[in-house]
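My plan is to go from the whole fold down to single residues.

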Amino acid sequence: MAEEEKKGGFKSGFISLIGRPNVGKSTLLNLLLGEKIAIISDKPQTTRNRILGIKNHPAGQIIFLDTPGIHRARSRLNQSMVKVALDTYNEVDGVCFMIEADHPDNEENDLILGTLNKVEKPVFLVINKIDLIPKGKLLPIMERYSRLRYFPQIIPISALLGDGAEVLMCELLKVLPEGPRLFPEDLITDLPERFLAAELIREKVFRLTREEIPYATAVAIENFKEREEKNLIVIGATIHVERESQKGILIGERGKMLKEIGRLAREEIEALLGAKVFLELWVKVEKNWREDPRALRRLGY
Ligand SMILES: Nc1nc2c(ncn2[C@@H]2O[C@H](COP(=O)(O)OP(=O)(O)OP(=O)(O)O)[C@@H](O)[C@H]2O)c(=O)[nH]1
Ligand SMILES: [Mg+2]
């Protein structure tokens, strides 16, 4: 047990990051952890699973749950994403409700406020992307939101520039219960390496493709073999799409697109795992997987 834990007053507990798609929840998680474990894109609905990240602060251990953005979900996949986010309400000691400073008022935020009504744990309002607005616009947002419900604190941040992260953690530590570390100090997430690798591949699809394609894509790791003598990891992954036309775009002219996705993903997987990676990608059409409960389960949703 570390010194500060023995002294007493050490805090530990769970905080979920909640908000509409694209507000910057995953960017904030990575900023707080000082490491990239959650994928990020400029398109909404990037995160599909609960991403657990462990922050070891001198005053306590904060376990953050990054969640899919809450929205009006139509497909089964999207319904499952929203459920993942809402389910965290039952297992946390506090919630960070994130909004964007540059467009704070919208139907999705109203929807989320409604879901937060039944949450008895402290709900903090985190106003992200303050780098995008002039300072004078912040106060009116804070005033408006404090009339909508009680927030123990309203914390303006820029997850992109790193502003406000320490203030946020100090405020969160205040509401966490006293207790020992819940995870070993050297652990940053409970997610398996296979999952993180699949996510990095999906992130590159989000970056390099447009319109329906990122949304119709899921990545399944087929094999993951460590060759310790060579410090090499051999990974094979299938990118599932819904239609032949999407498969064609993902592969690209003479395989160019798939090669680029593979190259960018491999570089990041190598940095993450600290080993050389041999990455092989396949593309497979699986009609309507977003509506098929069995396919969804198999693909991890
Ligand atoms: N200007 C600015 N952009 C930001 C900030 N934080 C995040 N972004 C950008 O906002 C976009 C969405 O970020 P994500 O972290 O993927 O958002 P998210 O809330 O996790 O989105 P979902 O997973 O889709 O729910 C990315 O392009 C980020 O670079 C910020 O503080 N300022
Ligand atoms: Mg996200």
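First, a term I need for what follows: helices here are DSSP runs of at least four residues, numbered from the N terminus. With that label, Pro140 sits in helix H5. I also note that this is a predicted model.

**Entry 1: the whole chain**

I began with the secondary structure. I found 10 helices and nine strands.

Next I looked up the overall size. The C-alpha trace spans about 55 × 45 × 40 Å along its principal axes.

How much of the chain is buried? Of the 301 residues, 54% count as buried. Residues 24 or more positions apart account for 72% of them.

The accessible surface comes to about 14600 Å². Carbon and sulfur atoms own 51% of that surface.

The chain has 46 positive and 45 negative charges, and their mean positions are 4 Å apart.

**Entry 2: the nonpolar cores**

I keep one general idea in mind here. In soluble globular proteins, nonpolar side chains tend to be buried together.

Which residues have the most contacts inside the largest nonpolar core? They are Phe97 and Ile127, in a core of 30 residues. I listed the elements that each supply at least two residues of this core. Among them are strands E1 (11–19), E2 (51–57) and E3 (60–66), and helices H3 (76–87) and H4 (107–116). The largest share, four residues, comes from H5.

Ile127 is in contact with Ile99, Ala101, Leu138, Ile141, Met142, Ile154, Ile155, Pro156 and Ile157. There is also a second, separate core of 27 residues. That second core includes Cys96, Val126, Ile155 and Leu176.

**Entry 3: helix H2 and Ser26**

H2 is mostly covered, with seven of its nine residues buried. The buried ones are Lys25, Ser26, Leu28, Leu29, Asn30, Leu32 and Leu33.

What covers the buried residues of H2? The cover includes E1, E2, E3, E4 and helix H6 (165–175).

Gly34 follows H2 and has a positive phi, near 70°.

Then I took Ser26, which lies in H2. Ser26 counts as buried because its relative accessibility is 8%, and the cut-off for buried is under 20%. Leaving aside neighbours within four places in sequence, Ser26 is in contact with Ala38, Ile39, Ile40, Thr47 and Asp66. Ser41 is 15 residues from Ser26 along the chain, and their C-alpha atoms are separated by 9.2 Å.

Is Lys204 buried or exposed? Lys204 has a relative accessible area of 1%, so it is buried. Lys204 is found in helix H7. Beyond its neighbours within four places in sequence, Lys204 is in contact with Lys36, Ile261, Leu264, Ala265 and Glu268.

I checked one distance here. Lys204 and Ile39 are 165 residues apart along the chain, yet their C-alpha atoms are separated by 9.3 Å.

I came back to Pro140 in H5. Pro140 counts as partly exposed because its relative accessibility is 37%. Pro140 and Val205 are 65 residues apart in sequence and 38 Å apart in space, C-alpha to C-alpha.

I looked for residues other than glycine with a positive phi. Gln45 is one of them, with phi near 65°.

Glu211 is not a glycine either, and its phi is positive, about 50°. Where does Glu211 lie? Glu211 lies in the loop between helix H7 (193–208) and strand E7 (218–227). Glu211 is exposed because its relative accessible area is 62%, and exposed means over 50%.

Technical notes:
Residues numbered from 1 in each chain as written. Chains lettered and ligands numbered in written order. Predicted model: local features only at pLDDT ≥ 70, side-chain atom pairs only at ≥ 80, totals over all residues. Heavy atoms only, no water. Buried < 20%, exposed > 50% of the residue type's maximum accessible area, 1.4 Å probe, protein only. Contact = heavy atoms within 4.5 Å. Areas by Shrake-Rupley, 256 points an atom, 1.4 Å probe, with all protein chains shown as cover. Lys, Arg positive; Asp, Glu negative; His and termini not counted. Charge placed at Lys NZ, Arg CZ, Asp CG, Glu CD. Core = buried A, V, L, I, M, F, W, Y, C linked by side-chain atoms within 4.5 Å.
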